[in-house]
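Please examine the sequence and the structure shown below.

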Amino acid sequence: MPDKLKLAYFLSGGCGGCDMAIIDLSETLIDLLLHLEVVFWVPTITDTKYKDLEAIPDRFIDLGLYSGMVRLQEHEYIAKMMRRKCKVLVAYGACAALGGIPGLGNMHTREEILKTAYFDTSSTDNPEGLTPQTRCVVSGKYELTLPEFYGHVRTLQDVVDVDYFIGGCPPHHSFVRQAIPVLLFEKLPAPGSWITSGKAVCDVCDRNPVKKGEERQLIREIKRTLEGAPDEGKCLLQEGYLCLGPVTQGDCGSLCPKVNIPCMGCGGPIPGVRDFGLRAISAIAGLLSSEELVDQIPSPVKYFYRYSLPASMLRKKLGKV
Amino acid sequence: MRVWVPNIVVFACNWCTYQGADLAGSLRYSYPPSIKIIRVPCSGRIEPEFIVTALKTGADGVFIGGCHPGECHHKEGNYKAVLRFNLLKRVLKMMGVETGRLRLEWISGSDGKRFADIMTEFDKAVQKLGPNPLRSDVNA
Amino acid sequence: MPKTGVYICHCGENIAGSVQIKELKNHAECLPGVTAVRDHAFLCSEQGQALIKQDIKDGLVDRVVVAACTPRTHEPVFRKTLADGGLNKFLLEMSNIRDQNSWAHWQDPKGATAKAKRLVASAVAKAVLLEPLQDRFIDVRGSALVIGAGISGMFAALDIADMGFKVYLVEKNPSIGGNMAKLDKTFPANDCAACILTPIMARVITHPNIEVLTYSEVESVDGSIGNFVVKVRKKQTYVDWNKCKGCGDCVNACPVTVPDEFNECLSSRKAIYIQFALAQPRKAVLDVASCVNCANRTFGTKPVKDFKTGGPVLAHCEKACKTGACDRSVRYNPEGEIMAINVGVIITAAGFKVMDKTPFREYSPQSPNVITSMQVERILSPTGPTEGEFKRPSDGTRPKTVAFISCVGSRDKSYHSYCSKVCCMYMLKEARQIKEKHPDTNVYIFFVDVRAGGMDFEEYYAYCRDLGIKVIRGRVGAVDELAGDRLRVRAYDVDMSAPVELESDLVVLATAIEPAPGLEDLSRRLGITCGSEGFLKELHTKLYPVETSVRGIYIAGCVQAPKDIPESVSQARAAASAAAVPLTTGRVVVEPLISEVDTDKCSGCGICIPLCPYSSISMLQQGEKLRARIDEALCAGCGICTAACPSRAITLHGFTTAQIEAQIEALTVVESGTFA
Amino acid sequence: MKKVALKKIEISPMTRLSGQGKITVFLDEQGNVDNVFFQTVELRGYERFLQGLPIEEVPRTVSTICGVCRCVHFTAAVKAADAVYQVNPSPTARKIRELVLNSHYVEDHAAVLYALGFPDFIVGPTANPAARNLIGLIQAIGSETGKLVLKRRYTAVKVIEMLAGRPIHPVAALPGGWSKTVSEEERKEILELSNEMVELGQLTLKLFEDFVLKNKDYIELITGDVYRVVVNYMGTVDEKNRVQYYDGTQRIIDAQGNEIGRFSGKGYLDYIAERVLPWSYLKMPYLKNLGWKGVVDGPETSLYSVGPLARLNVADGMDTPLAQEAYEKMFAAFGTKPVHSVLAYHWARAIELLNAAEKVRFLASDESITHPDVRVELGAPGEGVGIIEACRGTLIHHYKTDGNGFVQEANLVVATTHNQGPVNVAVRRAAEHFIKNGKVDEGILNGIEMAYRPYDLCLPCATHVLPGQLPIQVDVYDYEGKLYKSLRNH
């Protein structure tokens, strides 16, 4: 191998789970580090300051992993900087690629969220009816500032060109183990691609009826996970549990169905699909055996867009400022 | 000052509604020119993406025309269509889309008059709602 | 970027009368990829088409948009134009600016013109993405399967066989002939059923191109038009038909008697039996369920020695049989044998069954003298239980009074809402036979109303009334048993608007015609749908009355709905000629506007399979994975699967997602045109 | 713009804590610290968008509040879901949940100590920042030891995936139960792995003793006043007042160690209130019955702190032998209880790591955990509170649902929020120590950061925000509010 390849990792609006997925590489992480120079890994691992980052020459970094969605100006700023500094920029994990679960915030206005956080919640003590201010003066002399709280979540692609996408909330470390070498040492797929097998969860799921030589049946009832217990080895979707396996990249190895929980779609859409939720609607609605079932699907937006609302065609709830 | 006229996309099944539209024309039943038809082989071909794309790119209303229940040329296509349409409508409603801009009707090849009437009425309904906010909203 | 030509038709004044052609042309010229824009008074005329051909020949255009009338009438015309011009005919897109524009917006030229621009733009957007497609052909095997050897099946088989194609004729009973073999005479000519049927049966049996498989049933059907693979189960006869000469000695020798279905259980047959006197093929069959295995001769066992004679101890049938056809030492497989046959087309003529009397409590079905019309047929038949003597079952005496009751189980929501169609006529026929033979008999027919539509039928009805057959209009409420095996019929006479009562020696119920038992299973095996009443459904009532939703499978006779013999025969021959088209051409065209799976993209989730209305999708091994595959002969191009595929692995040619979305954008993208 | 007659220093971001915060220091005219504010700069609003979700989907969704605390929001939420449906989990389900949570303690405490905490000691607080991180640490302890540590830590991750479906953001929980049963093979495997976990616990304590306790500078640092914050403490204990994580009652003690409160479930509302501050997105909790006294420590304070040290402070001991030993050793070393030294958090964390490992071994050796009864009949849905001890301290999830079990209201009070007050005090104390006469250079930054790092602030949790990156800046203003010196590094 030539001299060490340069890696940069930035966790912006992310929960840190994607960082932990790399930590979970465990010993292999240390081996990987032998071939890698970690230029920075902030904020979780390295003590890198802004100036170090800016000092880096453009396209100096071979691989940049951006995890977390874009919410603050700072996120956007870093995203753009990473774009400049990195030869290859990857939207790493559901949040960066699709907006992630926090993207569900796009269903609510800024005001709704503030009201809930600082007024409606039961243990809140707010005698003066305050909300945090971007600029305020405490006890007459201490002037303090806070960044603006933004209403909605964007994906990395909304602010910069992204070379590759990796799904998963977070990506399973075994997949990270495959993906990182691909990105570093192997021939890269066309820019804009997802790093994925390109196949759905069903492809790796043992519950898939087709694999047992059975014909898939229509869905005759809608069940919530707390209703009844799924038959061992039977397809959850067919049993009426809203499993998004058919619509979701299966690079996880179908972890959730293995423990009797329907796939929630964190892997992201199969390449070529523009809108995860709409694909799910088209695929699943057609399977329903009667019209009544349509209305029995609980909170469909939060089910079908649990991880991908900001990446959807509509991006956020409409009719709000 | 230009006046706004709605722009309505109609997905018409080749075997019924598309015929119905032809019939309306040949019998000279008039309806507003805001109505613009895209021919599909069956209402079961229509993807939710089509409807959202139309709304996003600027349609003020989207209409789906299929065969009457039990008369689908492809047996069940219209049934699949209504399942998808209803679920999509639930989702779009929650997403803040005015569902008055979306409509599905069964219009047979002999329903020339009915086609014209429904289109005239749908156009009125869409006019009431005004221009589709999605254009600005989403493209912003 | 393809070169698109836009051809605008004035259609005389029909389009030009409201659409500003000039304005439309200018607009079209600015559309992306458009290399030529022309207009013509009548584009479908020779000169009009010549314009298009010329541009193609000159290499000016390789995609064609025709802005004119509806594609539903003129697409074929212009496709041919392209083909003649030397361009793939599927590179055409029509823009319907007449039927759906100028005609509908006649009074609004401005609006019509603005809309025409959008419609043409949309057509161009799609045209750019059109792909050349090829019609595909499937070879059709020169052989046919006919299911059911009743009058319909036999005629269908004969016509196809006469055209020189191999026909497999499958019949579940030991003999061909079907229900018609049970009839005595047939309306309206009252000619004897046997006299016209037997020659037909003989022709079928002896026809070199017909392989008759009686006592057999269709087990499974795979494949599609051109090459259906059919598994037929030949049920076990326990008699070696190669040796059996149909002499009947075994039958006479057999000690076991059971009710004779052919005689509607009015008489009995033996455990080993020949179905009926005129059976073809005339062979014996053992009803093993009723067989008592005389002398412990269970099949596949060696006979014990007689301690006196030292000879083997045999069962009666074996003893009687001179040809050795009955040999109980043979170990027969009770499952019979499965025979696989390959055919290009299938005609289903599985026939019907008449309803049994038992459900009709109000008509005292327990009385032996309350019988069904099919039973009367047998009683009147010279080959029947009474050798044609008109006797009633209970005591064999000749009834003085007979009452017929119509619409038993037909036109009755609690059974069948449909009309069985033939009952009125056969009741008249049976009544007439009785009246003519025994004029002193009082014959009453209780009609809901008389339906005698059809050639010579009304005359037939009038004649019967003149004979003195009494017709009473009104539903029969009840039939009660009286002393001396007599029966009381209680009805309401609509014409006299009064209740009537009648004492009768025999009551005949015109029970409904029903789908043959097992028809539902058969339809599932064939993949065609049953109507709500359980009969097989034709593709289109008027236009395609003998075709079904499965290409290459046709229907004839009462399998589709109750019919009389003339209708059944004509439909059978219609089915035969429809089926003959693919057989004679030897191949069928497959429209390329169908769906196709990209197996590299398919994730094998199987969601498409239950969605396909034509069961055309199956999973196929691809390496170690299963991937979906669409049978192009079965696919009808509805696109339900395409819209559903979560992996976007399915493409519907001619209506691809990209093409439709391009149309949507062309119609909607906000530009000056939108704001008039 | 209103002028402020003070020098103002802003320090951000605070690296090596999972999340984002900002520290603003005000100097008086002598250039000494006048006041310090610890601010949290983003809000995300899970409490709002959880509304409308079926309660059984909440654990799988709310878990993503924090991927470092990969199991805790999940566990608290499912306990709340039990309460919503008025049921107790089946005994087997309870054991599985506890096993998963304790495995999480092992891997998380290890991650925090090795990635966030140890670098300060083992690499050294004054070392080059570039080396003061996990990678530097690995070089310090040697990549072999490093591998061993990571390998053993991973055993815990493996157990989480095995039982809970996903190794991060688990999924297998159901109201009143668990979606999967444990096979005998799995139990045996976990038992195997638990031995490695225990070894990891022992190794970690040893490293801590070798590198920290045997170094008298560090001992001073730990026991000295710089990092001393005197507040009340809260944590979960069992009936014998031993440290618990999954379930028990909340015990509160004052700065002298006297019990001043006990509660469970909805009772939290009687003891805790969250003060909204205009200068931080993070609310500041205090003990209701003592009343709001502002951001001050000392015997009078109504602030309290949670987390490893707090848990050990409120408890009378540990429920496993090896951990109990270490527990006694620690308090002997300080000679007082409660211990108020912030840096002792790391020590407590190491002890808990061992304790959790021992508990995994204990639970895995119980064969009844393979029993098939992992689901129970549910009651009518209503309101429910779930309280657990997250690695970083007490975590409270509170949900109200409609008749179909769809969330109508959600309230989340998390570890870092509880610690918000003490952290402000700790940071102020450190700043006062390091900044004298207007002398401010980058050297002070880590000194100040060391004041909050022990709390292992998890701001993702706290504001239910996603962490973000701000430029580090130390700006000093003159009396006119004009910038006269800038350490802003970009």
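**The interface of chains A and B**

A salt bridge joins B:Glu49 to A:Arg279, with their closest N and O atoms 2.7 Å apart. The model is a predicted one, and the distances and areas discussed here are computed. Across the interface of chain A and chain B, two salt bridges are found by the rule. Polar contacts between chain A and chain B number nine residue pairs, with both residues at pLDDT 80 or more. On the side of chain A that touches chain B, the elements giving two or more residues are helix 11 (276–285), helix 12 (292–296) and helix 13 (300–304) of chain A. Helix 11 of chain A gives the most to that side, with five residues.

In total, 31 residues of chain A are in contact with 25 residues of chain B. The size of an interface is often given as the accessible area lost when the parts come together. Between chain A and chain B the buried area is about 2,600 Å², and carbon and sulfur atoms give 66% of it. In chain A, the residues that lose the most area to chain B are A:Met313, A:Leu314 and A:Leu318, which together account for 23% of what that side buries.

**The other chain pairs**

Four pairs of chains touch, and among them chains A and D have the most contacts. Chain B and chain D are joined by no contact, their closest C-alpha atoms lying 11 Å apart. Nor does any contact join chain C and chain D, for which the closest C-alpha atoms are 22 Å apart.

Helix 7 of chain C (residues 193–206) has 14 residues and reaches 20 Å from its first C-alpha to its last, close to the 20 Å expected at 1.5 Å a residue. Which residues of helix 7 of chain C are buried? They are C:Ala193, C:Leu197, C:Ile200, C:Met201 and C:Val204. Viewed down the axis of helix 7 of chain C, these buried residues fall within an arc of 105°, so they line one face of the helix. An α-helix has 3.6 residues a turn, so residues three or four places apart point the same way. The cover over the buried residues of helix 7 of chain C includes helix 6 (151–162), strand 7 (166–170), strand 8 (185–186), strand 9 (191–192) and strand 10 (210–213) of chain C.

In chain D, D:Thr75 lies in helix 3 (residues 72–84). D:Thr75 has a relative accessible area of 3% and is therefore buried, the cut-off being under 20%. Apart from its neighbours within four places in sequence, D:Thr75 is in contact with D:Leu101, D:Tyr246 and D:Ile388.

How values were computed
Residues numbered from 1 in each chain as written. Chains lettered and ligands numbered in written order. Predicted model: local features only at pLDDT ≥ 70, side-chain atom pairs only at ≥ 80, totals over all residues. Heavy atoms only, no water. Helix = DSSP H or I, 4+ residues; strand = E, 2+ residues; numbered from the N terminus. Expected span 1.5 Å × (residues − 1). Buried < 20%, exposed > 50% of the residue type's maximum accessible area, 1.4 Å probe, protein only. Arc of directions from axis to C-beta. Contact = heavy atoms within 4.5 Å. Buried area = accessible area lost by both parts, 1.4 Å probe. Salt bridge = Lys/Arg side-chain N within 4 Å of Asp/Glu carboxyl O. Polar contact = N/O pair within 3.5 Å; in protein donor to acceptor, adjacent residues only side chain to side chain.
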